[in-house]
Amino acid sequence: MVQTKLAKGHLFDIQGFSVHDGPGCRTLIFFKGCSLACAWCSNPEGISFFPEPLYRNSKCTFDGLCMKSCPHGAISISRNEQNNTLTFDRGTCAKCTTYDCAKACCSGALNIAGFEISIEDLYATINRDRQYWGPGGGITLTGGEPFTQPEFAYNLLKRCFEAYIHTAIETCGNVPWKNYEKALPYIDWIFFDLKTFNESSFHNLTISQSHHSTHSPISLILENARRIAKEFQGRLIFRLPVIPGFNDDKGNISEMARFILSTGRNEVNLLPLHHLGREKYNLLGKKYQASDYNIPAKDELQEIADQFASFGITCYTGSETPF
Amino acid sequence: MNTDPQSHINYYGCEPGKEVSPREGKRQPTPRANEARELYFETKSSVSMEFPYWYTRRWEELEGEIPIIRRAEALKSGFEHLTPTIYPGELLAMGKASFLRGSYPMPWLSEAFFMAAEDKLYMEAQESGKLTADTFTTMGKGGGNVTKSSGRVISIAGKFGLRVEEVPIMLEVARKWKDKSVDDVGHKYEQLVPGYKEKEALMRSVICMFDSGYTLPQGREVMNYYYPLQFGIDGIIRNCEEGIADVAGYPEMDRLYFYKAVILMLEGIKQWVKNYAEEAIFLASIEKQEKQKTEYLEMAERLEWISSKPPRSFHEALQVLWLFHVAVLNEDAISGLSPGRVGQVLYPYWQRDMKNGSIDREKSLELLECMRIKFTEIDCFASMGVVGGVLSGNTFNNLCLGGLLKDGTSATNELEMLILEAGITCDTPQPTLSVLYDEKLPEEFLLKGVECTKIGTGYPAWVNNQVALEFLIGNYAHEGMALEEARAWAIGGCLETSPGSWMPLELDNEIHWIPGGSAPATSVGVHFLNLPKLLEVALFDGMDMRTGQRVFPSHGYKLNSYDEIWQAFKVYFSRACHVLTLTNNIQHDAWRKISPSLVNSMLKPDCLAKGKDIGQMGCRYNTTFNIESCGTANLVNSLSSLKQNVFTENNYSLDEYRKALLANFGYKTAQETGSYSLIDQVPTEDYRDWQKIHRQSLDAPKFGNDNQFVDEIMKDWEDWFCDMTHNYRSLYDQPMYACQISVSTHGPMGAVTLASPDGRLSGTTFSDGSVSAYPGTDKNGPYALFNSATCWNHAKSQNSQLNMKIHPSVVKGREGSRKFLELIRAYLRKGGFHVQFNIVDSRMLKQAQADPDKFRSLLVRVAGFTQYWVELGKQIQDEVIARTEYEEL
């Protein structure tokens, strides 16, 4: 894992007037880098810890300006009569710090996902946005996995919390406990993602770069969930991405429900699968692996919600939340 | 307001799409309103020569009469001869002309177009017999616009149909006004202004687009219905008779003729109403259905009563309001005649009817829906350039809700909730709605407004009450306006802050203070100055490089520093304001002498009390002339780009920039490609020579991103512009002020402007409004845009305008409504004057697919997901569009 310097965080987006990730109107802070790599991830540019070129083929004029500008020779263009193709040596790109290619591009086809930002600069933006949130708003740390950059996340949360800003995080749970520990007192609200209890399917679909190979990710995630539920004073809402055929069977849902009850909490938010992120895979030169999964139907979501309800768990579906 | 039906994504002002696709909480109008709306949709815009014929005929007869009497007699004759037409199911009667969407030319303002088109019109009239029915099918295009001649209908200005047999009448009537119309007389005298040639050069280069005095001499103002509501027509006539007795033979004799003229005009209106009453009785006599028969008879009774007496009920009061609204529209070419705070004006009547049980909510809603249809039927036939260039058939009858009462408490009421409800159930373009937002307004009302905004019609717009009050006190205090009176304001027209007064409506021995307009037209004066073009002319030392003609003498600056560019721009801008103020004052002087307002003067306090019409400063407040700007964001972005690329980072010399602008950054011009948006532009063979400077121009700091470098330029411009306008004085010897709405001029004005240093290409459209970012350049989200937009004090200007597009996913559901309100409230609290939203429907998403750069900042919101709509990819976009359409069902 990349341990960023204390001073700077590595993000890929800051998004004001976000309305679905916590109470009120919020500013979302997208951390770059994740300790899972779920096939359905809608923010694939948040998975890698390194800066990545986002390349839009349709805008490219193949004038070679980027290629000429790259000091590492990481870009190549192959030309033929049917179509030109431009390729990146993405391994080399990951080590880049100057992004000359994006600066040289005149067609708008090339951008870089990921940027470094200091707490001060980020806080200035948050402080600007704060005047527009209205009551109940705040910040939500998401990504990527915010707690793969624990120092930055801690410093940011502490700074905001002490300034009376409502702080929320969304976490996948797959980080060492110590990454959370210091930050917990400065968090008002946690979305904790659960995926499945099936070890093998979990592994197939969510792991490509697990950084804790000695632990089973599921047991680490569940252990973190239990401890957060116990030690965290604020509101904890579990989130379940609903991927039909992967984790929507009755057995998994029951197990999920029993687990939630065992933590002493009782709220879950279903996030129905969507394919809106697919285009971003193209830009990253990656293959989208979740195309074959269908978007869950309304009545199916209702069934899952009913199942949770039968356990006495309050279930919110998608953006239909009371916050 | 938008003119080009092809580009209706560029919303600004108060433009809702005509055929609206509601998305959430879709509701249906009552069957009665639905039928009327269907009828409207099937109806074409038509011209009728009745009114102008009788007006002109009477005018001719009275050669040598005192001008204002001559005008009154002509109006009277026009009103008396309008053929009454009542449609089955109507609850509110009367309209501008005998056709459903009828209107007519007013050659006394300007006849030049008809004279110029004489041969063409005659030819088409003669050809008309040969036109086959096949051509009729093409008329479906463009909604109610008659875009082509067919059968026995001649198309005028690509919009109106005129019956063939009326063509000679139109031309004959127009001929009578040659050299006598406001246009012709004004033109004769404006040439006496020193430096007049410069004005012609400004118009030729389209630095300024329109003259003011004869185009739409009235409008962009708020109506006042107090006098007819309180006194009835006979009551006002009695007041005038008393006025005559007081002033006859005494000095300031003009008052005598004014009172006499009002009486004559009112006699005409009285007869007009009675003609409708008679028509209703006639229709009842031949009607077989009992229910409809009764409705006709009830209508006749109402009309007969209000033809002389004050209204007795909510229904009658609404009919009075409508009748005088139309009456004003019939005396002048007018756009933006706003009914004002209707829900507060009529509340005393409605409350009383509710109390005594003579009306219920269902009936009220039905009536309010019928009112919406009536306002939607208004068409405006102004001089040609204006019909095409500004209005596009939109009439901008802005109805305001909310605000404060005289005593400073919340002014909203239950009737306003019903007006919002009618706006939801019966989503027609007019009247467009605006909420005068104040912290004191109740949450329920505001959320109802949000609910209405969410259906995707574009209304209500959200307007800042406190900012308007600060503006009004700042600009009208010298005329005696105090805070209490300022609270009576409303939006006139598209977005023009207009002063009002509180009038003491007495009903059942109780005084109700109702708000109403008390000033003449705004958005008269200097119409729309093309800011980016003025910068272009400054960069080329006074030359219009498109035409190769000189506009101004050399400014003498070497332009060796950013400051010199800024100075040169200011010098030229000031010169334009100077000459245009003087020439337009002369045009308005011709207007007030030849075609003085009588209906509107009678309505507006304190004309009746003073015995003076609007042109003689009869109104309580008269500081309404303004200077309008267009292309603000492109000006500011261009200055930013020059400052950065030429003077800060020294990437290029100014000469290199000039060459790049002339070379259009290596692209074909918009005229060559036939498209006016940036995305469709086609590179020339040598575009590579320019692509670096173009990219660096596009990458220079852009307004709308909370970037201090460029926002400071914005603030400099606004502070200077808003202050300098006060140096110019109107016809009424009042200081002018800044008005910052682009209406639809950013299209044609962009068309004549070369590439600009911000990277915008030649001929392409400017940004709309005044604090809207240039499409595709606000990349940091709404909060950053808000910060940029409020970097200057909006109360310095009559208005500012921010248009935003919101994806339905952001505001869905109950929580969505609450968060949407927070967004609106946050901007207004920061000092923004106006914001309006397009909750994009699938139609617009399709356009976003075709034209992504215009929708660069449209975000799709799903939990935890970050992406801009335009970056979703075609396949996904199609899915979303399909889903959006599904949700509409």
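Across the interface of chain A and chain B in this predicted model, 9 residue pairs are in polar contact, each residue having a pLDDT of 80 or more. On the chain A side, four elements each supply at least two of the residues that touch chain B: strand E1 (8–18), strand E2 (26–31), helix H4 (119–133) and helix H10 (278–284). Strand E1 of chain A gives the most, with 6 residues. Sorted by class, the side of chain A that touches chain B holds 17 nonpolar, 18 polar and 15 charged residues.

The contact as a whole takes 50 residues from chain A and 42 residues from chain B. Between them the two chains bury about 3,600 Å², and 55% of this area is on carbon and sulfur atoms. Within chain A, the residues that lose the most area to chain B are A:Phe17, A:Tyr132 and A:Leu276, which together account for 25% of what that side buries.

Charged pairs also occur at this interface, where the rule finds 2 salt bridges between chain A and chain B. One of them is formed by B:Arg688 with A:Asp63, with the closest N and O atoms 4.0 Å apart.

The backbone has some features of its own. Most residues other than glycine have a negative phi, and most peptide bonds are trans. A:Gly144 is in the loop that runs between strand E8 (138–143) and helix H5 (150–162) of chain A. B:Pro431 sits in the loop between helix H18 (414–425) and strand E9 (433–437) of chain B.

Phi angles come next. A:Tyr99 is not a glycine, yet its phi is positive, at about 55°. This residue belongs to the loop between helix H2 (90–93) and helix H3 (100–104) of chain A. A:Tyr99 is partly exposed, with a relative accessible area of 23%. B:Asp508, also not a glycine, has a positive phi of about 50°. The loop that holds B:Asp508 lies between strand E13 (500–507) and strand E14 (510–517) of chain B. With a relative accessible area of 55%, B:Asp508 is exposed.

Terms used
Residues numbered from 1 in each chain as written. Chains lettered and ligands numbered in written order. Predicted model: local features only at pLDDT ≥ 70, side-chain atom pairs only at ≥ 80, totals over all residues. Heavy atoms only, no water. Contact = heavy atoms within 4.5 Å. Buried area = accessible area lost by both parts, 1.4 Å probe. Salt bridge = Lys/Arg side-chain N within 4 Å of Asp/Glu carboxyl O. Polar contact = N/O pair within 3.5 Å; in protein donor to acceptor, adjacent residues only side chain to side chain. Nonpolar A, V, L, I, M, F, W, Y, C, P; charged D, E, K, R; others polar. Buried < 20%, exposed > 50% of the residue type's maximum accessible area, 1.4 Å probe, protein only.
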